[in-house]
Structures are given as structure tokens and as C-alpha cells.
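Visitor: I would like to learn how to read a structure of this kind at the level of single residues. Could we go through it together, one feature at a time?

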Amino acid sequence: MISTLFTLAGSLCFLLYGMKMMSDGIQKNAGQKLQSALAVVTGNRFVGLFTGMVLTMIIQSSGATTVMLVSFVNAGLLTLEQSVGVIFGANIGTTITAWIVAFFGNGFEIKDYAIPIIAVGYVFLTQKKWKLEGVGMAILGFAILFIGLGWLSDLFKNLSGIDEFVAKAQGYGAISTMLAVLTGIAITALIHSSSAMTAIVITAAAKNPAMWEFGAAMVIGSEIGSTVDSIMAASHSKANAKRTALIHVMFNVATVVITLIFFKPYLRFVDFLIPGTVQDNIVYHIAMLHTSFKVIGTIIFIPFVNQIANLARKIIKDDEAEDSMVYHLEFNEKTALETPEALVFSAQKEIALMSDIVVQMFDAVQSGFKHRDESFEKEHYKELLSQEDFTDQMNEQLTNYLVRCSRLDISEQSQNTVSIMMQIVQELESMADECLNIGMLIKKSVDKKMQFSSDDLERLMPYVELAREFLYFVYKNIGKHLNKNQLAYAEDLERQIDDERRRLKKIARSRLETGANVKAELLYIDLVRQIEKIGDRCFGIAGELAKNTTAPQAS
């Protein structure tokens, strides 16, 4: 008995480790491309459905997809409505694992070929110059997965008394069905994988066809247990991320309830879809059951995407703290384990938000140049103080977030992206400081009733507009890659700003020599210097964006 339990536990661990290794390897090799595909999901629910389905088929984990999805919704990369279709698609995509297990586990002993498969995977993994470590991990995971399945198969084949146990377990009608559903929920929640749960049921049923009804109910129950990943990923997240997890739970529970109401007719429907008797083809019956009830559930609910999203909003109210000027960036440990690349992708959204705030601050100080009176303090200055404090918070938390990202098992490309983002965050925070400094100088000139000649202001405005052009160029291209022509354009803007700064300072010094107001001229020179610093920061960011060769091409 103890030996059997140890064999079961060891086989299950091999199965789970193999599945995770496959998923991690694929994500490591193509993580950024996969997440880019998810991030550009449109409002079309069917595009979301297709994207979620294909993404999950590739990475072999609906848990990883939903964790990634919750992370993206939390970062604002996807809307709640867009996430619904992706959830539906992920549920369908995860059924591919059951078909793989049914195919390879039915008369073709892939575990017999595991050693040469491991050898191939090891070569890919260790040849660093090929840059295919992710492919090697996926191949190794594939082999380990089927070693675990082979051990489970041998265990169930040699386990005495299981036929009698299954017969007794199925002998209590609806009670037996509910017991099987609860068992499926519990085991899936424990192992965090409905695909693994289904693989276990298929492997056991292949040796004991009598467990058709009990096994089917366990697979149906696994649908609810699989929601544990999204629930964990959404904890301590924003309201929309929690709503995404709630939608995942509501959809899966509703699908299970509907299926159980029509349980017996549904089993006959699956039997109709698969040729041959249940006893002859039980592995394909279970695989078809796993797929068909998710497809049917999607067909039922996909017309109601907007209504489902609105229901989630009614159940989970907006978090008042989200609208305050207190910044909070959650480093989700669940996402770090499942899809670490998603954390890097989410950071790009936060940096875009930070750049947007800096643009707003510069627009405010530019307005102050045009309307240099008491209205500036009333309409803009207090907001500048609040925004500068907010960017200080962002700088501290984003830097800490990115440092933690750099310690994760992410690709070399992502490591490079993290390093670039850390530099950009520092430049943006410095720009926010400079915008506030300019605001303080404008306020000081108003409070002290300092007078500038109309000629001085006319000379200053084109200079300010030049800095604004540079800032908007950077803002437009945050997260993208700058080509040589775009970098040359940035260099030209930087040169123009430097030339104009020298010209304006020379004029101001000439006025000082002729007896102009010393305080006013020094403040004017300080304004010129602060604006030039913003140009320097913009050029620093442009240089980092030119290094970001993994990002999309700037338009």
C-alpha cells in the first residue's frame, strides 16, 4: 500500500513537472511574441476567443494563460470585455492536452522513446550559441510528461481491486456523480491543472473502462478546480483583475452546472460523437467530453460578453483607492511563477502611464508661460505638486518591481528590456522634477511680480515648443524601437535645443551687462536651463529606445 502511494505520488510529480517544463520552455523561447499577441486583442469577442485558444494550445496551460490575462487586465493592457473572450478560448485550448494523451497513450508507448527524446532536448538546452534553450526545455518536458504517464499507466494496470472499487463508487446514482465532481474539484485545485487531472483520468480509464461515468464527472469537476490559478493571481490586484477571475469562476461553474443537469443525455451525446463503444474507445470518449462541454458552454455564453462583464462590475465594486494619487504596483508572485515574462510586459504599461503624467505636467507649465498670472497657481501648480509626488512613488515602486523582474527566469531579450526600462524610469522621474522646478520658477515670478519683456517671451515660446515636440516624440514611441532615422531626428532636436539655449543665455547675459533686473534675468536663465534639461532627458530616453531591438518598430 505504501509502495503504491509513493509510486502514485512520484508518477504524478513527473507528470506535473513535465507539463510545467513544457510550458516554461515554450514561454521562454517565444514569451514576448505570445504576450504581444494577447496584448493586441481587439474588442471583437471572437478574436479574443481565438487568441486565448491558440495561446493556450501553444503553452499547454490554461492556468498560465489566465494568470497572464489577469496580469494584463490589472495593468490596463486589456479591458474586462476583451478578457471574457480570452477566458472562453483558454478553456477550449487547454483540451488539446487530453487529445495528445489519448493519442500517444493508446497503443503507442511513447515512454519507450523517452531516453532519446531527452537526449535531443538536452542538446538543445546546453548549446547556448543556438539560443534554443526554451525548445530544449519543452522537449525535455514532453519526455518527462510521458514517463510520468507511463508509470501511472503501469500502476493502474497492476492495481488489484480497482474495478470493484469503481463499480461500488458508481452504484449510488446522483450521489456518486457529485462525489466524483467534488473529487475532480479537489484534486485539480491541489495540482493546479485540469489538463493533468484529465490525463490522470484518461490513463486510469484506459485500464478500467468501467469508470466511464465516474471519470467523466471527475473531468467535469476539474473545470471548477482549474479556477484556483486565476483567483490566486487576482488577489491583491485592482478591481478589474478581480472581476476577470470572477468571470472565469462564474463561467466554469455555470458550464459545470448545465452539464450536470443533462449529465446522462450528455454522455450519450459524447458516445454518439465518437465511433465505437465506450469500452473500446474510452480514452477518446473522455477527450471528446473534455472538449465538447467547454465548446458548448462557450457557444451558450459568448453572445452575452457585455452582460457578463457588467454583472462582474456589479458584484465587485470599484476600488476608491485606484482613483487616488497614491501609486501601488503589485508584484504578483503567482504570475512570477507561472508566466514571469508577463510581469515584464505589464511594466511597459506602467512606464507608458508615467510618461503620460510627465506630458501632462509639461503641458501645464507651457500653459504657465502663456498665462503667467495668479490663475497658474489655482489651475496648475497644486496639480503639479501632486503629480510630481506620484511620479516619485512610481519611480520607487517601478524600480523595485523591475529589479525583482531581473531576478526571474526570463529570456535574455527580456533581461535587456528590463535594463532599458529601469533607465527610462529614472529619466522620466527626473523630467517630472524638472517640470515641477519650472512650475516653481513660474510661480515665483508671479509672486514677486517680475516683469519680462514681450520680446523675451516671444523668444522663449519657440524654445519651449521645441522641447514639447521632443517630449511628444518620446511619449509616442515609449515601448517601441527607434530606427536610425528616428534616432537621427532625436539628435537633431537635441542639437536645436542646445543651440537655442546658448542663444537665449547669451541674450540674457547681455541684458545683465546693460543694467537689466538681476533677479528677473537670473530666473529667466534658470528657466532656459531647466527646459534644456528636459531635452537632455528626452535624448537619453531616445538612446535607450534605440537599444530596445525586441520592441515593435516605431511608426
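Visitor: Are Glu532 and Arg501 buried or exposed?

Guide: Before the answer, a word on the source: this is a predicted model, in which local features need pLDDT of at least 70 and side-chain atom pairs count only at pLDDT 80 or more, while totals for chains, interfaces and linings use all residues. Residues are numbered from 1 along each chain as its sequence is written, and side-chain values use heavy atoms, with hydrogens and water left out. Buried means under 20% relative accessible area, exposed over 50%, and partly exposed in between, with a 1.4 Å probe and protein chains only. By that scale Glu532 is buried, and Arg501 is buried as well.

Visitor: With which residue does Glu532 form a salt bridge?

Guide: Side chains of opposite charge can pair when their charged atoms come close. The term salt bridge is used here for a side-chain nitrogen of Lys or Arg within 4 Å of a carboxyl oxygen of Asp or Glu. Glu532 pairs with Arg501, their closest N and O atoms being 3.7 Å apart. Because Glu532 lies in helix α23 (residues 518-547) and Arg501 in helix α22 (residues 484-513), the pair ties together parts that are 31 residues apart in sequence. Helices here are DSSP runs of H or I with at least four residues, strands are runs of E with at least two, and both are numbered from the N terminus.

Visitor: How many salt bridges does this rule give, and which residue pairs with Lys264?

Guide: The count comes to 16 salt bridges. One of the partners of interest is Glu213, whose salt bridge with Lys264 has its closest N and O atoms 2.9 Å apart. That pair links distant parts of the chain, with Lys264 in helix α14 (residues 263-273) and Glu213 in helix α11 (residues 212-225), 51 residues apart. Lys264 is partly exposed, at a relative accessible area of 44%, and Glu213 is also partly exposed, at 29%.

Visitor: Where do Lys547 and Glu544 lie?

Guide: Both are in helix α23, three residues apart, which is about one turn of the helix. Lys547 is partly exposed because its relative accessibility is 48%, whereas Glu544, at 12%, is buried. Elsewhere, Asp363, Glu465 and Arg468 are linked in a network of salt bridges.

Visitor: What does the secondary structure of the protein come to, and what share of its residues count as buried?

Guide: The protein has 23 helices and zero strands, and 52% of its 555 residues count as buried. Among contacts between residues at least 6 apart in sequence, 83% join residues at least 24 apart.

Conventions: Contact = heavy atoms within 4.5 Å.
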